[in-house]
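Subject: Structure handover and notes

Hello,

Here is the structure we talked about passing on. Please open it alongside this note; my findings follow.

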Amino acid sequence: MAAAVAAPSIHNTQPWRFGLRADTGSLEVRVDSRRALPQTDPDRRAQHLSVGAAVFNLRVAVAHLGWDPVVRLLPHPGEPDLLATVRLTSPAGELPDCRWLYPAVERRHTSRMPFTGRPVPGAVVAEMSEAAQAEGARLYVPDFAGTRQLLGLTAAAEARNQADPARVAESRAWITVPGTKVPYGVPLTALGPQDADGRIPMRDFTGRPHMPHRPDRHFERHAQVALLWTVRDRREDWLRAGQALERVLLTATAHGVRTSMLHQAMEWPDLRAAARLPQRRCGPQVLIRFGYGPDGGRTRRASA
């Protein structure tokens, strides 16, 4: 359970609940509708991504402990809050290959800090792409022009977010200040600076200048980003994309690569549509920024 709740979630809302069915030897993963973001995530797609990431961490921990996790997504239509079950079974053969990622679960943290700009080797990027594909998703790593386009869409979305008082209020509500014991939300110390050159549109949770913020800093000149996408765009696909996202992030962490999510463009239907790959049936899910640099600020986790 500790591994499961270490998963990333939008605004660190941690929108999951876990239960044990002793009669079937299954863990139930439910969505907690109380920790929704009606402005940022009205269709709860990002919430499903977050729960999917927790499901993948659960699979990794179960495999690490010597069990074979059998996952069912959306197992009971009559229980819409039950997003997945994970049954612990005795392995019939080799354990799942994801178990090697277990040490990375604790080390993975979102880093909103500037990266060095040193390119991540192609072999590592290829392994990240294979990680996404293993979970039924795809990872598109654009060239310079494609990167500029995706960052441009993200910048447009961030500008809209900052101009929308309801969205600003919602984001600020999930900031926690030092000394707060609430285990949800993003600590003020983990927000990170903004890019002084305006090339990389990091999310500004504070709605500046109304709250104190860190001084702007110069970020890497050439960002490395990857778009995680799925062929279809249903609730089940969102859950698979969340598992793929966490597998990509853990693979990057295992190789010493830092990551952060640029999700803003996915929150506006027209900008999300503009992020689709041409001539492909593509459901964009999240933009991942990756590179080498400092560790991200730690965020609290609720007990499972």
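Predicted model: local features only at pLDDT ≥ 70, side-chain atom pairs only at ≥ 80, totals over all residues.

Helix H1 is largely enclosed by the rest of the structure, because 19 of its 20 residues are buried. H1 covers residues 45-64. From first C-alpha to last, the helix reaches 29 Å. That is close to the 28 Å expected at 1.5 Å a residue. Just after H1 comes Gly66, with a positive phi of about 100 degrees.

Next, the sheet. Four strands make up an open sheet, and their order is E1-E2-E4-E3. The pairing is antiparallel. Strands E1 (16-21) and E3 (68-73) stand at the edges. Each has a single partner strand, so one side of each is left without a neighbour in the sheet. On average, neighbouring strands are turned by 20 degrees against each other, direction ignored.

Look at the pairing of E3 with E4 (residues 82-89). Six bridges join these two strands in the antiparallel sense. Pro69 stands opposite Leu88 in E4. Helix H6 (residues 235-254) packs on the sheet and touches both E3 and E4. The direction of H6 makes about 150 degrees with that of E3.

Now the charged pairs. Side chains of opposite charge can pair when their charged atoms come close. The structure holds 21 salt bridges.

- Glu79 and Arg30: their side chains meet at 2.9 Å, N to O. Glu79 lies in the loop between E3 and E4, and Arg30 in strand E2 (residues 26-31), so the pair ties together parts that are 49 residues apart in sequence. Glu79 is partly exposed, at 31% relative accessibility. Arg30 has 16% and counts as buried.
- Asp32 and Arg34: this salt bridge has an N to O distance of 2.7 Å. Asp32 is buried, at 3% relative accessibility. Arg34 is exposed, at 67%.
- Arg240 and Glu236: here the salt bridge is 2.9 Å, N to O. The two residues are four apart in helix H6, so about one helical turn separates them. Arg240 is partly exposed at 36% relative accessibility. Glu236 is partly exposed too, at 25%.

Which residues are linked in a network of salt bridges? They are Arg17, Arg21, Asp23, Glu28, Arg30, Glu79 and Asp81. The Glu79 and Arg30 salt bridge described above joins two of these residues.

One last site: Thr230. This residue lies in strand E8 (residues 224-230). Is Thr230 buried or exposed? Thr230 is buried, with a relative accessible area of 2%; the cut-off for buried is under 20%. A polar atom of the Thr230 side chain lies 2.6 Å from the backbone oxygen of Arg232. Leaving aside residues up to four places away in sequence, Thr230 touches Gly136, Ala137, Asp237, Ala241, Arg281, Cys282, Gly283 and Gln285. Asp237 and Ala241, both on that contact list, fall within the residue range of helix H6.

Best wishes

Definitions and conventions:
Residues numbered from 1 in each chain as written. Heavy atoms only, no water. Expected span 1.5 Å × (residues − 1). Buried < 20%, exposed > 50% of the residue type's maximum accessible area, 1.4 Å probe, protein only. Pairing = 2+ DSSP bridges. Axes fitted to C-alpha atoms, helices over the stretch in contact; angles between N-to-C directions. Contact = heavy atoms within 4.5 Å. Salt bridge = Lys/Arg side-chain N within 4 Å of Asp/Glu carboxyl O. Polar contact = N/O pair within 3.5 Å; in protein donor to acceptor, adjacent residues only side chain to side chain.
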